[in-house]
There are 2 protein chains.
Amino acid sequence: MSYSLPEFLAHAIAMEEEAAERYLELADMMEAHRNDDVSALFRDMHRFSLMHRDAIRARVGAIELPQLKSWEYRWRTPPEMGDEDAFDTQLDAYHALSYARENETRAMQYYRTVAEDASDAEVKRLAGEFAAEEEEHVAALDKWLERTHRPSETWAQDPAQRA
Amino acid sequence: MSYSLPEFLAHAIAMEEEAAERYLELADMMEAHRNDDVSALFRDMHRFSLMHRDAIRARVGAIELPQLKSWEYRWRTPPEMGDEDAFDTQLDAYHALSYARENETRAMQYYRTVAEDASDAEVKRLAGEFAAEEEEHVAALDKWLERTHRPSETWAQDPAQRA
């Protein structure tokens, strides 16, 4: 799929906003778990997402953006929250980080695909730039995952295993 | 998990609101596909969801509700929208109906589990009632699926196969 610039910008803004909201939720959850380090990380990621969104909005200027469907930008449900456990909110730090990593990876892959397929030069340039940013987020989360205790091996669908 | 009444009501309202938003998106998408029948169905489901939400809100009255995390009530991403296809918005009628059915089934299972586990009598009563409502939605979607052309068999994760 080759995006027009307005289509691409609409996706990028929606994705940053979604990421910002999810990081805020994760930060609150980690705070409730008294994991202040990981909570602070997620608060930083929340702030970065908002800053990136604002930068993209500045680029949008007077361009009119299309409306998107929720599934075009939303983060996935954490994998262990399936079926009867769908409403268990207890993510430990390791799995919260893995969940964020999975969604950042998905965003990175999205931007890469857009950059590859783009016929519009500005879309190609921006998508390549955003892919590199997401790659940095994935690398940062990987560092945190390395030093975070992994509480159990029973996660059937551990995103770390799939990445 | 045994919910308090405020916790349960917060979930039920959030779930109805999420369903309402998703049905509106699905209705718009079906309209864009010129499938007016399925679009009208989704508009009805949108309206029912809002009516149900309003009924629950009336039950809430002055009870103070807890804040929920997004993954406690959100619909899943349509299964075919994985990874590189994550942003393909083209759901045909059959898969739009299957997607709705999967989410309604998930809601039904949620309410059943809550009803079974409830120690609060009012939570048990309401959750049982809501489970029955969701069951009717699933049955309605099944009828529509029966008479809707299934366009391809290549859906690796067809929710109809998993149900």
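Predicted model: local features only at pLDDT ≥ 70, side-chain atom pairs only at ≥ 80, totals over all residues.
Begin with the overall make-up of chain A. Its secondary structure amounts to five helices and zero strands, and reading along the sequence gives the pattern α-α-α-α-α. Chain A has 163 residues, of which 39% count as buried. Among the contacts in chain A with a separation of 6 or more, 77% are between residues 24 or more positions apart.

H4(A) covers residues 121-146. It contains 26 residues, and the distance from its first C-alpha to its last is 38 Å, close to the 38 Å expected at 1.5 Å a residue. Which residues of H4(A) are buried? They are A:Val123, A:Leu126, A:Ala127, A:Phe130, A:Glu134, A:His137 and A:Leu141. An α-helix has 3.6 residues a turn, so residues three or four places apart point the same way. The buried residues of H4(A) pack against helix H1 (5-32) and H3 of chain A.

Two packed helices are described by the angle between their axes and the distance between the axes. Take H3 and H4 of chain A to begin with. Helix H3 of chain A spans residues 93-117, and its axis is 8 Å from that of H4(A), at an angle of about 160 degrees. An angle over 145 degrees counts as roughly antiparallel, so H3(A) is roughly antiparallel to H4(A). The crossing of these two helices, H3(A) and H4(A), is left-handed. Sorted by class, the residues in the contact of H3(A) with H4(A) are 16 nonpolar, four polar and seven charged.

Now turn to the other partner, H1(A). How many degrees is the angle at which H1(A) and H4(A) pack? The angle is about 20 degrees, and the axes of H1(A) and H4(A) are 9 Å apart. Angles under 35 degrees count as roughly parallel, and H1(A) and H4(A) are therefore roughly parallel to each other. The crossing of H1(A) and H4(A) is left-handed. From H1(A), the contact involves A:Leu5, A:Phe8 and A:Ala12, while H4(A) supplies A:Glu122, A:Val123, A:Leu126, A:Ala127 and A:Phe130. By class, the contact of H1(A) with H4(A) has seven nonpolar residues, no polar ones and one charged. On the H4(A) side, A:Val123, A:Leu126, A:Ala127 and A:Phe130 are also listed among the buried residues of that helix.

Helix H1 of chain B runs over residues 5-32 and helix H4 of chain B over residues 121-146; their axes come within 9 Å and cross at roughly 20 degrees. H1(B) and H4(B) are therefore roughly parallel to each other, and their crossing is left-handed. In this contact, B:Leu5, B:Phe8 and B:Ala12 of H1(B) meet B:Glu122, B:Val123, B:Leu126, B:Ala127 and B:Phe130 of H4(B). The contact of H1(B) with H4(B) divides into seven nonpolar, no polar and one charged residues.

Some single residues remain. A:Ala140 lies in helix H4 of chain A. Because A:Ala140 has 18 C-beta neighbours inside 10 Å, it counts as partly exposed; a buried residue would need 20 or more. Between A:Ala140 and A:Leu24 there are 116 residues of separation along the chain, and their C-alpha atoms are separated by 17 Å.

Past H4(A), A:Arg150 lies in the loop between H4 and helix H5 (159-162) of chain A. A:Arg150 is partly exposed, with 14 other C-beta atoms within 10 Å. In sequence A:Arg150 is 83 residues apart from A:Gln67, and in space the two are 40 Å apart, C-alpha to C-alpha.

A:Arg34 lies in the loop between H1 and helix H2 (36-60) of chain A. Is A:Arg34 buried or exposed? A:Arg34 is exposed, because 7 other C-beta atoms lie within 10 Å, and a residue with 12 or fewer is exposed. A:Arg34 is not a glycine, yet it has a positive phi of about 60 degrees. In chain B, B:Arg34 is found in the loop between H1 and helix H2 (36-60). B:Arg34 also has a positive phi of about 60 degrees, although it is not a glycine. With 7 C-beta neighbours inside 10 Å, B:Arg34 counts as exposed.

Methods
Residues numbered from 1 in each chain as written. Chains lettered and ligands numbered in written order. Axes fitted to C-alpha atoms, helices over the stretch in contact; angles between N-to-C directions. Helix = DSSP H or I, 4+ residues; strand = E, 2+ residues; numbered from the N terminus. Parallel < 35°, antiparallel > 145°, perpendicular 65-115°, else oblique. Left-handed = near helix turned anticlockwise from the far one by under 90°. Nonpolar A, V, L, I, M, F, W, Y, C, P; charged D, E, K, R; others polar. Expected span 1.5 Å × (residues − 1). Contact = placed C-beta atoms within 7 Å.
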